[in-house]
Structure formats: C-alpha cells, structure tokens
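Please work through each task before reading its solution.

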Amino acid sequence: APANYQQSTWLLTMVDPDAPTPQNATLAQILHWLQPNVKLSAGSGAGAFPYVLANQSAPVAPYARPMPPPTSDAHRYIIYLWQQPNANFTVPAAYSGYSATNRTKFNLTDFAARAGL
C-alpha cells in the first residue's frame, strides 16, 4: 500500500470468475460490485478495526450478492481494492450503465488498463 493510504481514494471491484460453474466458466467474470471513491474513515477505534471503508459516491454497479446455481460447485468471489490514480478519476464510460442483468463477461484486466489502475 502507498505511504499515504489513509488519505487515498480507492475503487472497489468484486467479481465471480466461476460463472455459471467452475467447470464451465463461459459467463465469467460476473461483476458483483463496482464502487469508486472509497475512503478510509475512522471506525469505532475498537479492536482490530480502527478504520472502515466508506463510499463517497454512488456505485457504478451496486453490490449484487453471490447467487451461484444450486447445482454448481463452490464459486470464488474476489474483491479487489485499487488506489485511484488521481483526484479527478472517473470510471471509463464503457463501464457504465450496469443493471441487475448485464454483468456477465466483465473483463477485469481490460477495465484496469482502461482505468489506469
């Protein structure tokens, strides 16, 4: 993490690389969450969690809970936390307009490259 991580702004992504099943991942990756403008915020100060992540804007793709098919083997759900490259960062336009039904075949590598992450 950068030395100034407490003042940095972050982008959070969550993907499922195992859709619809780990043996047949033809829909991978499914985007479960795309949230820019996340900052560390003072938590309760108790125990191991003196800070929490707090979003500063609406998500590009709101959180969608894991829902693998009932007959599928276990899926992996991976959360990535990226440092936003600058104060004026915006998610590339090609990655807007997500709904509950258009999150399949998300290309995390392409997204990171286009976003400069």
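**Exercise 1.** Where is the place of Pro 20?

*Solution.* The model is predicted, so that local features need pLDDT of at least 70 and side-chain atom pairs count only at pLDDT 80 or more, while totals for chains, interfaces and linings use all residues. Residues are numbered from 1 along each chain as its sequence is written, and side-chain values use heavy atoms, with hydrogens and water left out.

Step 1. Pro 20 lies in the loop between strand S1 (9-16) and strand S2 (30-42). Helices (H or I, at least four residues) and strands (E, at least two) are DSSP runs, numbered from the N terminus.

Step 2. The peptide bond that joins Ala 19 and Pro 20 is cis, with omega about -5 degrees.

Step 3. A cis peptide bond also joins Ala 28 and Gln 29, with omega about -5 degrees. Gln 29 belongs to the loop between S1 and S2.

Step 4. For context, most peptide bonds are trans, and most residues other than glycine have a negative phi.

**Exercise 2.** How many aromatic pairs does the structure hold? Characterise the pairs made by Phe 106 with Tyr 95 and with Tyr 98.

*Solution.* Step 1. The structure holds six aromatic pairs. Rings of Phe, Tyr and Trp (its six-membered ring) pair if their centres lie within 6.5 Å; planes under 30 degrees apart count as stacked, over 60 as edge-to-face and the rest as tilted.

Step 1. Tyr 95 and Phe 106 form an edge-to-face pair, at 5.7 Å centre to centre and 80 degrees between the planes. Both residues lie in the loop between strand S4 (78-83) and helix H1 (108-115), 11 residues apart.

Step 2. Tyr 95 is buried, with a relative accessible area of 7%, and Phe 106 is buried at 5%.

Step 3. Tyr 98 and Phe 106 also pair edge-to-face, at 6.3 Å centre to centre and 65 degrees between the planes. Tyr 98 counts as buried because its relative accessibility is 18%.

Step 4. Tyr 95, Tyr 98, Phe 106 and Phe 111 form one aromatic cluster.

Definitions and conventions: Buried means under 20% relative accessible area, exposed over 50%, partly exposed in between (1.4 Å probe, protein chains only).
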